[in-house]
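Me: Got a model open here and want to walk through it. Can you take my questions as they come?

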Amino acid sequence: MGKYHFIAIGGIGMSGLAKYLLEDGHTVTGSDIEDSKYIKALRNLGAVVNIGHCADNLPENVDAVIVSTAIRESNPELQKAKKLGFKIYHRSDLLEEISRFAQDEEKCFIGFSGTHGKTTTSGMASYVLDKAGLEPAFVVGGIVPDVYTNAQHKGGKFFVAELDESDGTLVKYHTDILVINNLEEDHLDFYTDGMAGITKVFNKAISQSKKVIVNADDIAIKNLSGNFITFGLNEADYTAKNIKTSAQGTIFDVYYKEEFLTNMFIQLTGTHNIYNTLAVVSAMNEAGLTVDCKKHFFAEFTGMGRRFQKICELDSIQVYDDYAHHPTEIKAVLEGAAAKFGKENIVAVFQPHRYTRLKGLWEEFKCAFSNANRVIVTDVYEASEDPIEGITGENFAKEAGFEHLSGSIENVAEKLLPTLKEENVVIGLGAGTITNLGKYLKEKKLASRV
């Protein structure tokens with residue numbers, strides 16, 4: 001068995017890979033700048049994790065040191081690892097190795113990709129397969145409900161993974177089934193040529209997959225090359241018809257090549273979640289599974305952690321957390337929230353994620369909040385980036401006509417709480433520390449009662 005050291009082990013992606021290795025019998029060490037629930041879970045499985053980055057954290061002998069794109073060359077553990085001649089794996093290299101071993105064990109490797117929805121679709125697939133007793137192995141970018149983990153190593157015939165395109169590493173995988181939810185400009189710090197670069201990466205991944213399933217309704221996907229299996233709401237191999245929505249969820253029928261396949265109820269709202277469900281249904285059907293026998297597991301799926309996740313209630317005020325950090329994702333979340341609670345009640349608290357994303361999609365972000373009654377913008381979460389002159393949360397809020405609250409998310413919660421009204425639905429939006437908004441609002445509310 002191998003020995004692996006993770007630099008910044010506490011992130012949702014890195015911790016999932018570490019957990020998978022631990023369950024497979026490997027030795028794992030790591031470090032991060034602060035403790036977290038993910039790190040505590042890894043320690044419970046036997047990992048040794050230090051808080052803070054320093055050269056002494058690195059063991060004398062390891063088979064590989066695992067890093068993500070966010071780790072800078074100046075990191076002392078990375079510098080020491082290079083000096084000692086240790087193998088340096090990007091996290092995608094490790095996931096590729098895991099997926100290859102899974103295929104050697106004759107598991108079917110199903111990868112979910114695309115600009116939006118890959119955490120929900122990979123998580124939904126993992127959930128349904130697990131609840132159906134098929135013991136899938138998986139590594140995804142969120143906590144799967146009821147399974148309470150972002151990764152597991154099991155002996156069933158399926159390996160499910162969320163495949164990240166943000167840094168071009170999607171080209172490393174050779175999937176049995178590749179699902180592409182959609183394509184849109186994002187991660188413009190890496191894709192400096194925009195859609196041309198994104199299309200090139202996806203076309204390479206397509207050429208390495210046995211089956212490719214795509215969203216037929218997505219305009220940008222039409223630029224990809226290959227023989228595709230399609231899903232959508234219009235002309236596609238897998239289609240959703242007779243759609244009915246309510247505050248409780250969404251009902252629709254699934255057709256395959258114009259023949260009725262199954263009916264479906266999901267607790268999730270919003271058109272994007274119909275597409276997400278179709279993506280999973282098509283992947284499972286193409287993998288040879290009888291979807292109709294498993295539809296009740298789709299009905300039980302409540303959504304992934306940080307995907308419109310209810311955090312708390314403050315009397316009549318509800319607080320939700322969502323990972324949405326791209327204009328299209330924000331639009332989809334707020335559309336579903338407005339349908340469920342009424343636009344007049346929606347208070348969106350947006351933490352821009354990365355200076356490059358805010359700069360590159362400035363105009364798109366301005367138009368993303370039409371389904372919110374009130375919009376508050378925080379300072380930018382830098383995600384290891386250096387500031388860009390003029391690209392600030394304050395300047396964006398001023399130009400868009402939104403409110404701006406500065407400081408830490410705890411400071412934002414303290415300023416926001418007294419201004420909230422009965423029946424407000426507060427939604428924290430972003431991939432950074434905005435996830436703590438509900439916790440701080442609850443703490444401030446309790447403190448005000450003392």
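Predicted model: local features only at pLDDT ≥ 70, side-chain atom pairs only at ≥ 80, totals over all residues.

Me: How many of its residues are buried?
Reply: 13 of the 16 residues of α7 are buried, so the helix is largely enclosed by the rest of the structure. Buried means under 20% relative accessible area, exposed means over 50%, and partly exposed is in between (1.4 Å probe, protein chains only).

Me: And α5, how is that one covered?
Reply: Mostly covered, with 13 of its 14 residues buried. α5 spans residues 118-131 and reaches 20 Å, close to the 20 Å expected. Just after α5, G133 has a positive phi of about 80 degrees.

Me: Switching to α1. Which residues are buried there?
Reply: G13, M14, S15, G16, L17, A18, K19, Y20, L21 and L22. That is 10 of the 12 residues in α1. The helix reaches 17 Å, close to the expected 16 Å. G25 follows α1 with a positive phi near 95 degrees.

Me: How do α1 and α4 cross?
Reply: The axes of α1 (residues 12-23) and α4 (residues 91-104) come within 11 Å and cross at roughly 35 degrees. Axes are lines fitted to C-alpha atoms, for helices over the stretch in contact, and angles run from 0 to 180 degrees between N-to-C directions.

Me: Is that crossing left-handed or right-handed?
Reply: Left-handed. That term applies if the near helix is turned anticlockwise from the far one by less than a right angle; clockwise is right-handed.

Me: Which residues meet there?
Reply: From α1, G13, M14, L17, Y20 and L21; from α4, R91, L94, L95 and I98. The contact residues divide into seven nonpolar, one polar and one charged. Contact means heavy atoms within 4.5 Å. Ala, Val, Leu, Ile, Met, Phe, Trp, Tyr, Cys and Pro count as nonpolar, Asp, Glu, Lys and Arg as charged, and the others, Gly among them, as polar.

Me: Now sheets. What's the strand order in the five-stranded one?
Reply: β3-β2-β1-β4-β5, an open sheet with parallel pairing. Two strands pair if DSSP finds at least two bridges between them.

Me: Which strands stand at the edges?
Reply: β3 (48-51) and β5 (88-90). Each has a single partner strand, so one side of each is left without a neighbour in the sheet. Neighbouring strands are turned by 20 degrees against each other on average, direction ignored.

Me: What does α4 touch on that sheet?
Reply: α4 packs on it, touching β1 (3-7), β4 (64-67) and β5. The direction of α4 makes about 80 degrees with that of β5.

Me: How many bridges between β1 and β2?
Reply: Five, in the parallel sense. H5 has T29 in β2 as its bridge partner. β2 (residues 27-32) also pairs with β3, over four bridges, and G30 stands opposite V49 in β3.

Me: Different spot. Is T169 buried or exposed?
Reply: T169 counts as buried, at 9% relative accessibility. T169 is in the loop between β9 (158-162) and β10 (177-180). Leaving aside neighbours within four places in sequence, T169 contacts H90, S92 and D164.

Me: And where's F265?
Reply: In strand β15 (residues 259-266). F265 counts as partly exposed, at 33% relative accessibility.

Key: Residues numbered from 1 in each chain as written. Heavy atoms only, no water. Helix = DSSP H or I, 4+ residues; strand = E, 2+ residues; numbered from the N terminus. Expected span 1.5 Å × (residues − 1).
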